[in-house]
Amino acid sequence: MSHGIHRIPIPTPFAVGRVNVYLIEDDPLTLVDTGPNSATSFDELTSGLAALSHALEDIELVVVTHQHIDHLGLVSLVSQRSGAEVAAIDVAVPYVENFSQEAQKDDEFARSVMLRNGIPEDVVSALSAVSQAFRAWGSRADVTRVLHDGEEMGFRDRTLHVHHRPGHSPTDTIFHDRERRVLIAADHLLGHISSNPLITRPVDGSAERPQALVTYLRSLEATREMDVDLVLPGHGDPITDHRALIDERFGLHRRRAEKIHRLIAERPRTAYEIAQELWANVAVTQAYLTLSEVLGHVDLLTNAGRVREVDRAGTALFEAA
Ligand SMILES: [Zn+2]
């Protein structure tokens, strides 16, 4: 890859497949994300670095793009082996430093959102068990360098501007090299799939369900305005026309909102019922992802005054307004 940045795709146990780790050959020698915490991932990271003539021990800085375990699981091991600094945006620090407690609280939050939105108890329990099992692919790490939205990270040969772009997760951070017109975007923008606006427990501790898709679309609008030629995503291949792709995503979400509006106009439905209409059995196996998708679009419709939420015995039901 160009610009002294190399992609190392690391295997994950998740449906998304490999995660992109980026090596920035500069001073400090930097890894953006690390992959999940597993022996296979660690071996591939080590051999990926070796193929680029670097040893894991040479890494001087690890940058965390967001709180998801497929990206940060190995941060702790890499920093221990190399003595590298660990950089993350301020809002991500509590999460990275207290990974298992935070992940546990996320699971509890997700559980209440799922039950509130009509997902049966047995499906919720099965999903919680899967999530617990996957937690071993994450790990806590000490953040030694706290980043802030709008700040510049100086390297010998480049400057990266740090931007907070929440939506896919509350801690999504992107890194912009203005001079080279390159954007390291992690999961904020992916080429082959739309980024899931995952409903996540708010970082400010409030109990209210956040409008993740609304936040995400606002973040995408800001990214659309940026002058870049190359976007390096967290999964899949580099993106060369980010404006066209973002416009495609806007179109997708508009169409999906209309489709969901039609379903709600037919009769009041729970978000889970809508997810099953749209994705059949995937709404069961990937219940939280699909629920997040539906609720995100319901939020758009609610904010536009076209849908309202009513309570039926503790379950949220959406009806046309
Ligand atoms: Zn992610």
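What joins the side chains of His6 and Glu25? A polar contact of 2.7 Å does so; a polar contact is a pair of N or O atoms within 3.5 Å, where within protein one atom must be able to donate a hydrogen and the other to accept it, and residues adjacent in sequence count only if both atoms are side-chain atoms. This is a predicted model, in which local features need pLDDT of at least 70 and side-chain atom pairs count only at pLDDT 80 or more, while totals for chains, interfaces and linings use all residues. Residues are numbered from 1 along each chain as its sequence is written, and side-chain values use heavy atoms, with hydrogens and water left out.

**View 1. The protein chain as a whole.**
The secondary structure of the chain comprises 11 helices and 13 strands (DSSP runs numbered from the N terminus: helices are H or I with at least four residues, strands are E with at least two). With a radius of gyration of 20 Å, close to the 20 Å from the globule rule for 321 residues, the chain is as compact as a globular protein of that length. The radius is taken over C-alpha atoms, and the rule is 2.2 Å times the number of residues to the power 0.38. The C-alpha trace spans about 60 × 40 × 30 Å along its principal axes. Of the 321 residues, 53% count as buried (under 20% relative accessible area; exposed is over 50%, partly exposed in between, with a 1.4 Å probe and protein chains only). Among contacts with a separation of 6 or more, 66% come from residues 24 or more positions apart; contact means heavy atoms within 4.5 Å.

**View 2. His6 and its partner Glu25.**
His6 belongs to strand E1, residues 5–10. Its relative accessibility is 16%, so His6 counts as buried. The side chain of Glu25 makes the 2.7 Å polar contact with that of His6.

**View 3. The cis peptide bond at Pro28.**
Asp27 and Pro28 are joined by a cis peptide bond, with omega about 5°. Pro28 sits in the loop between strand E2 (19–24) and strand E3 (30–32).

**View 4. Asp33, a residue with positive phi.**
Asp33 is not a glycine, yet its phi is positive, about 65°. This residue is in the loop between E3 and helix H1 (39–51). Asp33 counts as buried because its relative accessibility is 2%.

The phi of Ala313 is near 50°, a positive value in a residue other than glycine.

**View 5. Ser76 and its contacts.**
Ser76 is part of helix H3, residues 75–82. Its relative accessible area is 13%, so Ser76 is buried. Apart from neighbours within four places in sequence, Ser76 is in contact with Ser139, Arg140 and Ala141.

**View 6. Ala280 and Thr223.**
Ala280 lies in the loop between helix H9 (271–279) and helix H10 (282–285). At 49% relative accessibility, Ala280 counts as partly exposed. Thr223 is 57 residues from Ala280 in sequence, and the two are 33 Å apart in space, C-alpha to C-alpha.
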